[in-house]
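Here are my notes for you to read alongside the model. Keep the viewer open and look up each residue as you go.

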Amino acid sequence: MDVEDLWSPVSPRSLCEIVVHLRRAGHVVAEADVGDRPVITGLCQDSRRARPGDLYAALPGRRHHGAAFAAEAAGRGAVAMLSDRPSDELPTVVVDDPRAALGPLAAWAYGNPSTAFDLYGVTGTNGKTSTVYMLEAALVSAGLRTGALTGITVRGPGTVRPATRTTPEACELQQSFVEFVEERVDAVAMEVSSHGLAEHRIDGSRFDVAVFTNLARDHLDYHASLESYYAAKARLFARDLCERAAICIDDDYGRRLAGDVAVPHLTFSAHDPAADVYATAVRAGRWGSTFTLHHGGERVPVRLQLLGGHQVDNAVAALAALCLRGIDIPAAVAGIEALDAIPGRLERIDVGQPFLALVDYVHNTAGQHRLFPFLRSVTAGRIVVVLGATGERDPGKRAPLGFTAAQYAEVVVVTDESAFFDDAADLRNDVAAGARRAGAADVIVIPDRGEAIAVAVDLAGEGDTVLLAGRGHDPTLVDNGVSIAFDDRAALRNALSTRAY
Ligand SMILES: CC(=O)N[C@H]1[C@@H](OP(=O)(O)OP(=O)(O)OC[C@H]2O[C@@H](n3ccc(=O)[nH]c3=O)[C@H](O)[C@@H]2O)O[C@H](CO)[C@@H](O)[C@@H]1O[C@H](C)C(=O)N[C@@H](C)C(=O)N[C@H](CCC(=O)O)C(=O)O
Ligand SMILES: Nc1ncnc2c1ncn2[C@@H]1O[C@H](COP(=O)(O)OP(=O)(O)OP(=O)(O)O)[C@@H](O)[C@H]1O
């Protein structure tokens, strides 16, 4: 089912009942025009997807205010509106913060579906998608029916659709949960982004286990400071959202969270025996990784097919979360061991060429500092990196991305990613300036991404590694409002296939 077709009814409720519910939940209802007392049978937050009987949540956005689309929502049959401003088009309930009201309202209206299964929420700067894939594989291996929400897909026993966000908007999230209940799932694993937390998309959901992976500089275009980024992540660990927590103590923010958190929790680490769950004997190579998992006095050997030492951190995260729910750990380990790839996460493209060719979603320097030492350890020859910077993100990220790549690689090919409405040349210039500042690598600038990939492949010889960094599984490039289909994995395979090896 596509997201456009995703829809579930809510039990019919009058707009008056909704006002009473909002007030009881502590929201200040400034104004409530209940008109001819419409009956609400659905919820939506995009006028283009409104259906007859819907309450349309008109939210403030970066470019528009949803209230500007009230007439369109009404035209499609919406019967009322929730917003922070009144409307002439629809009877409107005006609240101070409609996003904060919408999450819990949607959960309540859909019958609190998240209480019908075990819900695992994973937050952190890096590792959310990978950890959710591992949780899903482990839960299936332990004999459970599962759902999973990642930035790549939303997937249940009978559902797969491309994701619209890392963490869906409130109405889409609750409707996906309803779908999972109808599919009789036992457990759901999902990514919880800082945007999803700050925008209250997950409010009203009940997480049985909240997982913290790590925190480093990122998303400062959205959050005012690293401190408010941390505060957004830390909200997931509050009593009103989660029952218990698994917290990685391998960085300062994780140690701080473990000290601050009020819910029962365990700590985990990829190396520290002071944690409740930890790894020893970690080895990472071209074949994957091995480590010994320690939990509750038990030791379990684990062999991952996934590439990169960071996947050990993510496997320990998933297994620590599962320990909290009493899942059979040997069965969980077997599931994680069977995973041979996660889309765009250090995904290997192999057509028989005499060098490693990889696509990875790494898009912050914390991830780069984890990734490049691993690549160096498995590369006898040169590292050739293709990278750029995404537009409409923190401009302060661009030069450090180039600088860090050039500290580790012999050749840095700077090219375009999605510029959105930023100037693509500015993005390239900033990344290239950072790369040149490192002073070590050859820096080549090729705006066209396909051409940049072809040049990187031409430069690579036996024993080298080619890495396409930053876009992972992303299937589209967007520049100045124009989208084109472009998948790094297909482009790399194509460039490799046209050469005779
Ligand atoms: C920067 C940011 O967070 N933007 C959010 C913001 O978008 P916006 O300001 O562009 O919204 P807008 O287009 O002005 O529209 C405002 C409102 O009018 C509605 N609308 C708009 C047009 C229309 O015809 N009809 C209509 O009803 C929209 O549904 C929206 O509710 O408000 C929208 C509605 O809630 C969000 O969907 C949107 O997320 C955008 C798509 C986005 O890219 N967000 C990213 C930053 C994000 O959330 N990322 C995280 C992952 C981060 C990570 O990598 O970890 C995520 O969870 O996906
Ligand atoms: N535990 C980790 N520590 C550091 N870097 C990691 C870790 N896990 C993954 N990475 C890096 O981050 C990239 C993104 O990984 P993943 O998609 O699992 O994380 P994410 O948190 O979902 O990212 P995003 O929020 O950007 O979607 C990977 O391609 C890898 O380079």
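1. Ground rules. This is a predicted model, where local features need pLDDT of at least 70, side-chain atom pairs count only at pLDDT 80 or more, and totals for chains, interfaces and linings use all residues. Residues are numbered from 1 along each chain as its sequence is written, while chains are lettered from A and ligands numbered from 1 in the order in which they are written.

2. The annotated binding site. An unreviewed UniProt entry puts the label "binding site" on Ser47, Thr166, Thr167, Ser193 and Arg201. Because these residues span 155 residues in sequence and the farthest two C-alpha atoms are 24.2 Å apart, they do not all gather at one spot. A word of care: UniProt positions are given in the numbering used here, feature names are shortened, and annotations may be inferred rather than shown by experiment.

3. Ser47. Look for this one in the loop between strand S4 (42–44) and strand S5 (54–58). (Helices, H or I with at least four residues, and strands, E with at least two, are DSSP runs numbered from the N terminus.) Ser47 counts as buried, with 22 C-beta neighbours inside 10 Å. The scale goes like this: buried is 20 or more other C-beta atoms within 10 Å of the residue's own, exposed is 12 or fewer, and partly exposed is in between, with C-beta atoms placed from the backbone. Leaving aside neighbours within four places in sequence, Ser47 is in contact with Tyr56, Phe69, Glu72 and Ala73. Contact here says that the C-beta atoms of two residues, placed from the backbone, lie within 7 Å.

4. Thr167. Is Thr167 buried or exposed? It is buried, because 26 C-beta neighbours sit inside 10 Å. Thr167 belongs to the loop between strand S11 (159–162) and helix H5 (170–182). Its contacts, with neighbours up to four places along the sequence left out, include Ser193 and Arg201.

5. In the model, the end C-alpha atoms of residues 40–87 lie 17 Å apart, and the span is 12% helix and 27% strand.

6. Helices H3 and H5. Two packed helices are described by the angle between their axes and the distance between the axes. For helix H3 (residues 98–109) and H5, the axes come within 9 Å and cross at roughly 20 degrees. That makes H3 roughly parallel to H5. Axes are lines fitted to C-alpha atoms, for helices over the stretch in contact, and angles run from 0 to 180 degrees between N-to-C directions. Under 35 degrees counts as roughly parallel, over 145 as roughly antiparallel, 65 to 115 as roughly perpendicular, and the rest as oblique. Leu102, Gly103, Ala106 and Ala107 in H3 meet Ala170, Cys171 and Gln174 in H5. The residues of this contact divide into five nonpolar, two polar and no charged. For that sorting, Ala, Val, Leu, Ile, Met, Phe, Trp, Tyr, Cys and Pro count as nonpolar, Asp, Glu, Lys and Arg as charged, and the others, Gly among them, as polar.

7. Helices H14 and H15. How do these two pack? Helix H14 (residues 449–459) and helix H15 (residues 488–497) have axes 9 Å apart, at an angle of about 45 degrees. That makes H14 oblique to H15. Gly450, Ile453, Ala454 and Val457 in H14 meet Ala491, Leu492, Ala495 and Leu496 in H15. Here the contact residues split into seven nonpolar, one polar and no charged.

8. Two positive phi values. Ala281 has phi near 50 degrees, a positive value in a residue other than glycine. Ala281 lies in strand S16 (residues 277–285) and counts as exposed, with 10 C-beta neighbours inside 10 Å. Asn480 has phi near 55 degrees, again positive in a residue other than glycine. You will find Asn480 in the loop between strand S25 (476–479) and strand S26 (482–485), and with 11 C-beta neighbours inside 10 Å it counts as exposed.

9. Val412. Last stop: Val412 lies in strand S22 (residues 411–414). Val412 is buried, with 31 other C-beta atoms within 10 Å. Not counting residues up to four places away in sequence, Val412 touches several residues, including Val385, Leu387 and Val443.
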